[in-house]
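Me: I've got a structure here that I'd like to talk through. Can you take my questions one at a time?

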Amino acid sequence: MRTALMFQTMVTASRGSITYPFAADPMPIGDEESSNENAAITNPRPLQMVNRAFVVQAGTQDAVSLHNAGAWKVAPAVQAKRRENAESPARDEIAKSILAHHGWASDSWAYAQNQKMRLIPEDQDVTTRRINGIDPSWSMIICNEDLHAMDVSRLAGSSARSTSRCTRRCSVRRSPRTG
């Protein structure tokens with residue numbers, strides 16, 4: 001239990017900065033593109049506002065890759081250059097769908113369809129990015145259950161069944177960044 005608490009990583013959303021984490025299928029093992037920001041994101045799915053994540057061995061069942069979708073502010077110099085070239089802000093389809101799940105409309109058309117959504121400022125880029133401190137190539141398990149109420153054998157990976165989003169192989173290992 002104490003080890004699980006030490007090695008957990010909390011991944012949270014921020015309504016104020018319009019940043020929301022999401023899960024996707026794990027990056028292919030040994031893929032040089034996997035740490036690249038432009039690597040293909042497959043099967044994206046939104047997460048709740050606060051999540052507990054653990055780094056696990058590559059290939060672990062139910063492991064995911066974690067990313068952020070958000071509306072990022074654009075520097076004034078970039079905005080000026082875009083105005084000169086008549087370019088519009090970047091609008092990534094995956095990020096738009098994750099933000100829409102959390103109640104954000106990426107353009108006035110989406111807002112007109114559902115006025116309960118909040119409109120993202122038009123001068124912000126809507127894209128996906130890596131989460132600070134988490135490499136998208138790492139295999140992660142999201143385990144939002146109460147660790148104190150959970151059977152310890154589930155954390156050790158010896159349980160034969162899974163009752164929720166926390167996988168039966170929630171075996172924790174050291175993060176590659178800490179050795």
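Predicted model: local features only at pLDDT ≥ 70, side-chain atom pairs only at ≥ 80, totals over all residues.

Me: Which residues of helix H3 are buried, and why do they line one face?

Reply: Look down the axis of H3: the buried residues fall within an arc of 95 degrees, so they line one face of the helix. On the other side, Glu93 and His101 are exposed. The buried residues of H3, which spans residues 93–101, are Ala95, Ile98 and Leu99.

Me: Which strands do the buried residues of H3 pack against?

Reply: Contact here means heavy atoms within 4.5 Å. On that basis, the buried residues of H3 pack against strands E2 (19–24), E3 (45–46), E5 (65–72), E6 (104–105) and E8 (125–129).

Me: What caps the N-terminal end of H3?

Reply: Check the backbone nitrogen of Ile94: a side-chain oxygen lies 2.8 Å from it. Just after H3, by the way, Gly103 takes a positive phi of about 95 degrees. The residue capping the N-terminal end is Asp92.

Me: Which elements give two or more residues to the largest nonpolar core?

Reply: That core has 14 residues, and Ile18, Tyr20, Leu99, Trp104, Ile120 and Val126 have the most contacts inside it. The elements giving two or more residues to it are E2, E5 and H3.

Me: Which residues is Ile120 in contact with, leaving aside its neighbours within four places in sequence?

Reply: Ile120 is one of the residues with the most contacts inside the largest core. With those sequence neighbours left aside, its contacts are Ala71, Arg91, Leu99, Trp104, Ala105, Ser106 and Val126.

Key:
Residues numbered from 1 in each chain as written. Heavy atoms only, no water. Buried < 20%, exposed > 50% of the residue type's maximum accessible area, 1.4 Å probe, protein only. Helix = DSSP H or I, 4+ residues; strand = E, 2+ residues; numbered from the N terminus. Arc of directions from axis to C-beta. Polar contact = N/O pair within 3.5 Å; in protein donor to acceptor, adjacent residues only side chain to side chain. Core = buried A, V, L, I, M, F, W, Y, C linked by side-chain atoms within 4.5 Å.
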